[in-house]
Amino acid sequence: MSRAQRPTWEQSEALDDRLGEPDTLRFPEDWTLSESWQRAQTERDRGGPINEAERMVYLEESDGPHRVTFALTGQTLRAECGCASGVYRGWCAHLASCWWRWVRGRLEVHHLDTGRIYRTPPAWLRLDDTDAPEVDGLTAAELDAYLTCDLGGVGVREYASESGRSPGTVGNLLRRAREKQGGRQ
Ligand SMILES: [Zn+2]
């Protein structure tokens, strides 16, 4: 059942647009009709974070809590759950619940390589890591600058002031990251 379509001034309405699958995010077909997705939207989670990579998800209708991995690495999201109901390319209700909250800014997701915390899915995210370029070999600072500026479209000056680095330093990080990325295919 979809939620009642009522006008609201809550900020989450704007974020709802992001469920329309930006081209870097590809969920399985019929995903929005799946039980996982329905449960994610309706059931409250009594769990919480365990560490930077893992959380406990305890949905209202579940018999018990499920330990999931939900963290960014490289250009992708590691979303893993040990439950047996991962029909939609592994997207069970527990992972779907995390995604549902993340899109609405209600979940903090750590990037394991850069240490940055993302409160909503970043623009550069690829869910299918088979078509995401390799980014290992970059330092944490190079990767963060590369993801944020080159892939995320944030300006060098804006990123420099936000990260407390000089624009020249950011420029150097980006140059080194591009050189390393340029050597790949
Ligand atoms: Zn699960």
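Visitor: Which residues does Leu 95 touch, leaving out those up to four places away in sequence?
Guide: In this predicted model, Leu 95 touches Val 68, Phe 70, Ala 79 and Cys 81.

Visitor: And which residues have the most contacts inside the largest nonpolar core?
Guide: Those are Phe 70, Leu 95, Ala 96 and Cys 98, in a core of 22 residues.

Visitor: Which element supplies the largest share?
Guide: That's α3, with six residues. There's also a second, separate core of 11 residues, with Leu 138, Tyr 146, Leu 147 and Ala 177 among its members.

Visitor: OK, over to α4. How many residues does it have, and how far does it reach?
Guide: Helix α4 covers residues 140-151, so to speak a 12-residue run, and spans 15 Å from first C-alpha to last, close to the 16 Å expected at 1.5 Å a residue.

Visitor: Which of its residues are buried?
Guide: For α4 the buried ones are Glu 142, Leu 143, Asp 144, Ala 145, Tyr 146, Leu 147, Thr 148 and Cys 149.

Visitor: What do those pack against?
Guide: The buried residues of α4 pack against α5 and α6 (167-182). Just after α4 you'll find Gly 153, with a positive phi of about 75°.

Visitor: Where does Arg 157 sit?
Guide: Arg 157 is in helix α5, residues 156-163.

Visitor: Buried or exposed?
Guide: Exposed, because Arg 157 has 10 other C-beta atoms within 10 Å, and the cut-off for exposed is 12 or fewer. Its C-alpha is 8.4 Å from that of Val 170, which is 13 residues away along the chain.

Visitor: Zooming out, how many helices and strands are there?
Guide: The protein chain has six helices and six strands. From the N terminus on, the order is α-α-β-β-β-β-α-β-β-α-α-α.

Visitor: What share of the chain is buried?
Guide: Buried residues account for 26% of the 185 in the protein chain. As for contacts between residues at least 6 apart in sequence, 56% join residues at least 24 apart.

Visitor: What's the average pLDDT?
Guide: The chain averages 82, and 78% of the residues score at least 70. Among the elements, helix α1 (residues 12-16) has the lowest mean, 42, while strand β5 (residues 109-110) has the highest, 97.

Visitor: Over which residues is the pLDDT below 50?
Guide: Residues 1-24, a stretch with 12 contacts in the model beyond near neighbours in sequence.

Terms used. Residues numbered from 1 in each chain as written. Predicted model: local features only at pLDDT ≥ 70, side-chain atom pairs only at ≥ 80, totals over all residues. Core = buried A, V, L, I, M, F, W, Y, C linked by C-beta atoms within 7 Å. Buried ≥ 20, exposed ≤ 12 C-beta atoms within 10 Å, placed from the backbone. Helix = DSSP H or I, 4+ residues; strand = E, 2+ residues; numbered from the N terminus. Contact = placed C-beta atoms within 7 Å. pLDDT = per-residue confidence, 0-100. Expected span 1.5 Å × (residues − 1).
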